[in-house]
Amino acid sequence: MIDRIASRRGVVCGLALDHRDSLRVAARRHGFPDDSTSLRALKVELVRGLARLASVVLLDVELGLDAFTELDGVPLVVPLEAQGYESLGEGRITTLLGDVDPARAAALGAVGCKLLLPYRPDLTDVAAIQDEMVARVVAECRAAGVLSIIEPIVYGEVPELGAAVGETARRLSRLGPDVLKLQYPGSLRLCEVLTRACGAVPWVLLGGGTDEDTFLSQLRDAMHGGARGYIVGRTAWDTALVTDAEARERAIAGRAAFLARCRAVVEATP
């Protein structure tokens with residue numbers, strides 16, 4: 001199933017442009033207009049400049065729908081989670097979009113759906129609720145004939161992030177998702193542990209908004225540790241949030257060069 005979003009070499013080179021609230025926050029930080037019209041136009045520009053370097057692009061319906069037609073055959077994945085989350089004690093609970101489900105995603109031409117969810121395996125009651133959410137989404141994706149890509153984010157204070165990411169992967173892999181999109185656990189050795197925790201479920205590295213060199217270093221560890229690729233977001237578009245059109249065009253060209261480096265790393269890994 002992962003071949004539907006992978007390159008010819010069998011690795012995932014993913015570009016995440018499905019941000020909504022976090023894109024507005026980043027736009028305000030850079031002095032870029034944060035109205036919906038401006039952000040929709042930006043996503044069109046980003047897809048035109050960057051999609052050719054991706055084996056899959058994540059785009060949302062709210063701000064990314066206009067960019068769907070610019071993909072030129074690159075597979076599309078859409079998010080299912082609403083912005084924000086509900087709180088339950090120390091825990092956080094995912095809420096789903098009311099107007100997008102796997103069936104509608106398939107009708108829009110998507111090959112998969114992504115579910116981002118805050119996750120703390122040590123908060124057992126909340127984790128059980130999140131597990132039920134994942135099981136539901138996996139089943140609905142299977143019924144709609146699209147991939148389920150699950151992106152758990154370990155949050156808050158945990159004694160060992162790598163151990164928490166590994167336990168999260170172990171729990172969620174048992175629910176049968178097609179792909180897990182995971183945080184860097186901290187080292188090559190922990191990437192190998194993470195691969196074993198995932199079992200038969202392939203995993204890809206998420207970007208996490210880190211800088212280019214850090215991400216490329218993490219990506220090398222992840223690939224040598226058994227990952228099947230990456231899906232990177234903010235690092236691939238943050239510097240393009242400039243109002244001058246020529247400067248933005250140069251920035252997007254720079255982001256394309258970064259994505260080319262990412263792709264070279266994963267395709268060079270045996």
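User: In this model, what share of the contacts with a separation of 6 or more comes from residues 24 or more positions apart?
Analyst: The model is predicted. Contacts in the protein chain with a separation of 6 or more are the ones to count here. Residues 24 or more positions apart account for a share of 68%.

User: How many helices and how many strands does the protein chain have?
Analyst: Both kinds of element occur in the protein chain. The counts are 10 helices and 10 strands.

User: Why does the radius of gyration of the protein chain agree with a compact globule?
Analyst: The chain has 270 residues, so a compact globule would have a radius of gyration near 18 Å. Its C-alpha atoms fill a box of roughly 50 × 40 × 35 Å along the principal axes. The radius agrees with the globule because the protein chain has 17 Å.

User: What percentage of the residues is buried, and what part of the accessible surface belongs to carbon and sulfur atoms?
Analyst: Of the 270 residues, 55% are buried. The accessible surface is about 11500 Å². Carbon and sulfur atoms hold 50% of that surface.

User: How far apart are the centres of the positive and negative side chains?
Analyst: The protein chain carries 31 positive and 36 negative side chains.

User: Is Lys-114 buried or exposed?
Analyst: Lys-114 sits in strand E6, residues 112–119. Its relative accessibility is 3%. The cut-off for buried is under 20%. Lys-114 therefore counts as buried.

User: Which side chains make polar contacts with the side chain of Lys-114 at 2.7 Å and 2.8 Å?
Analyst: Leaving aside neighbours within four places in sequence, Lys-114 is in contact with residues including Leu-58, Val-78, Pro-79 and Ile-149. Two acidic residues, Asp-18 and Glu-81, are on the contact list as well. At 2.7 Å the partner is Asp-18, and at 2.8 Å the partner is Glu-81.

User: What is the C-alpha distance between Lys-114 and Val-77?
Analyst: Val-77 is among the residues in contact with Lys-114. The two are 37 residues apart in sequence. In space, their C-alpha atoms are separated by 6.7 Å.

User: Which backbone oxygen does the side chain of Ser-55 reach?
Analyst: Ser-55 lies in the loop between helix H2 (36–50) and strand E2 (56–59). With 7% relative accessibility, Ser-55 counts as buried. Beyond four places in sequence, Ser-55 touches residues including Ala-6, Cys-13, Val-74 and Arg-263. Its side chain reaches, at 2.7 Å, the backbone oxygen of Ile-5.

User: What is the relative accessible area of Thr-235?
Analyst: Thr-235 belongs to helix H9, residues 234–237. Thr-235 is buried, with a relative accessible area of 9%.

User: What is the phi of Asp-72, and is this residue buried or exposed?
Analyst: Asp-72 is in the loop between helix H3 (61–64) and strand E3 (76–79). Though not a glycine, Asp-72 has a positive phi of about 55 degrees. Its relative accessible area is 75%, and the cut-off for exposed is over 50%. Asp-72 is therefore exposed.

User: Which residues does Leu-23 contact, leaving aside neighbours within four places in sequence?
Analyst: Leu-23 is in helix H1, residues 21–30. It is buried at 3% relative accessibility. Its contacts are Leu-39, Leu-42, Lys-43, Leu-63, Trp-237 and Leu-241.

User: What is the relative accessible area of Leu-219?
Analyst: Leu-219 is found in helix H8, residues 212–224. Not counting residues up to four places away, Leu-219 touches Leu-205, Gly-229, Tyr-230, Cys-262, Val-265 and Val-266. Leu-219 is buried, and its relative accessible area is 0%.

Key
Residues are numbered from 1 along each chain as its sequence is written. This is a predicted model: local features need pLDDT of at least 70, side-chain atom pairs count only at pLDDT 80 or more; totals for chains, interfaces and linings use all residues. Side-chain values use heavy atoms; hydrogens and water are left out. Helices (H or I, at least four residues) and strands (E, at least two) are DSSP runs, numbered from the N terminus. The radius of gyration is taken over C-alpha atoms; the globule rule is 2.2 Å times the number of residues to the power 0.38. Buried means under 20% relative accessible area, exposed over 50%, partly exposed in between (1.4 Å probe, protein chains only). Contact means heavy atoms within 4.5 Å. Accessible areas come from the Shrake-Rupley method with a 1.4 Å probe; for residues, only the protein chains shown count as cover. Lys and Arg count as positive and Asp and Glu as negative; His and the chain ends are not counted. The place of a charge is taken as NZ of Lys, CZ of Arg, CG of Asp or CD of Glu. A polar contact is a pair of N or O atoms within 3.5 Å; within protein, one must be able to donate a hydrogen and the other to accept it, and residues adjacent in sequence count only if both atoms are side-chain atoms.
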